[in-house]
Amino acid sequence: MEFKMSFNAKEERIYDLFNRKTYAIPRNQRRYVWGRTNWQELFNDVLYRERKEDYSHFIGSIVLKKGEIKDGVPTFTIIDGQQRIMTISIFLVSIMYLMKKYNEMNDFNGTKPYVITTNESNKEVVVLDAENNRSYEKIVRHLMEETSESLQNNTLTYFLEKPSISIDKNIVAAFKFFIYEIEKYSSGDEDKIIFLRKAVRDIEFINITATSEEDSYTIFEILNARGLDLEDHELLKNYIMRYIEPETTRDQAKQEWMLIEQKLGNTNLKKFIRHYTIHRYGTQRSKGDKISDYKIIQKNNKQHDTQYLLDDIVKKSEYYLMLASPNFDGDNKNCSNLEYKIFNFFKKRRQEQMRPLLLTLITNHSNFAVTKTLIYF
């Protein structure tokens, strides 16, 4: 069987990316997690342009899935690169904040199209739609409404302390970082702020745009084949979304995975994938072998029903929640009083190495393969 992918790859700059288009970061993707080290590296790389005029910072590849045209505006879904795109967007909005604060309104309005576009209904649409980080859009909208006088007379903290903005602490922290660094660098010099806008606008990347969701996930997996920047659970999620059939079940699969993430949280999710792998497939590692949990799951599920794999992960995540966060009372009840005593005993003593075995015992009990007496006593 011949396998073909439909995609387009070309070198672009940020001003090509943010040019009357909108981009969605779906809820099933991870939240914004970049921190001070990442922000500082980006800021320093952009500043390097000052010492070498012909230099443009390169940020690698961005994988997009082409969507429909809504009210005359092309839409795309970001498959890979959301952390970089979000950070660059925050950088640009921070530049705009200072332009408005210093009443440089021509420059402010000239930068605005990188952040907000206008559709055929003459409605302003924020270019980046991050379902997991709504604070970003709220900050952008708030900045559009504020006056130069208000920004001059009030602190940045006051601006960011609007009730609906301060919820997203990492987004707020990123804005504070970039605004502080830009002010420190420019000391209010308009030319230096304009220079930063140009340097950010000229950042280069490889735009890889696929026409189907399956192709976009395939490209994502190829680019992250070595798993250097992604957790096993993120690669596993991408694998499931890519291969699950029929394609019409993909949205439901995304919702189910999002619920797992919400219930377990990032730390327990990483542990769950490790313990799930041992529970299902044994260790499958020789001494010194660095094969990842994702690779083990992938290897054992080739040619198998991906829906079955997802269903099993969903079911086992419920069992794992009992082990990681046992609760026998209230709305979050997930186990009996006896089960709570047993699971909490292991939790208090941090006996996490027992979890793969406990997963197997709970699974066998649910399948009537063992009795509660054998499990608990």
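Biologist: How many bridges join E2 to strand E7?

Modeller: This is a predicted model, where local features need pLDDT of at least 70, side-chain atom pairs count only at pLDDT 80 or more, and totals for chains, interfaces and linings use all residues. Residues are numbered from 1 along each chain as its sequence is written, and side-chain values use heavy atoms, without hydrogens and water. Strands (E, at least two residues) and helices (H or I, at least four) are DSSP runs numbered from the N terminus, and two strands pair if DSSP finds at least two bridges between them. E2 and E7 (residues 128–130) run parallel, and the number of bridges joining them is three.

Biologist: Which residue stands opposite Tyr-23 in E4?

Modeller: E2 also runs parallel to E4, with three bridges. Tyr-23 faces Leu-128 in E7. In E4, the residue opposite Tyr-23 is Phe-76.

Biologist: Which residues are closest to the centre of the second largest pocket?

Modeller: A pocket is an open set of points on a 1 Å grid over the protein atoms alone, where a 1.4 Å probe fits, with protein on both sides within 12 Å along at least five of seven lines; lining residues have an atom within 4 Å of a point. The volume, the space filled by probe spheres set on the points, is about 440 Å³ here. Strands E2, E3, E4 and E6 and helix H5 each give two or more residues to the lining. Of the 20 lining residues, those closest to the centre are Thr-22, Ala-24, Lys-70, Thr-75 and Asp-129.

Biologist: How many charged residues are in that lining?

Modeller: Asp, Glu, Lys and Arg count as charged; Ala, Val, Leu, Ile, Met, Phe, Trp, Tyr, Cys and Pro as nonpolar; the others, Gly among them, as polar. Six lining residues are nonpolar and five are polar. The charged ones number nine.

Biologist: Where is Asp-71, which has a positive phi?

Modeller: Its phi is near 50°, and Asp-71 is not a glycine. The place of Asp-71 is the loop between E3 and E4.

Biologist: What is omega for the peptide bond from Glu-245 to Pro-246?

Modeller: Pro-246 sits in the loop between helix H11 (232–243) and H12. The bond is cis, and omega is near -5°.
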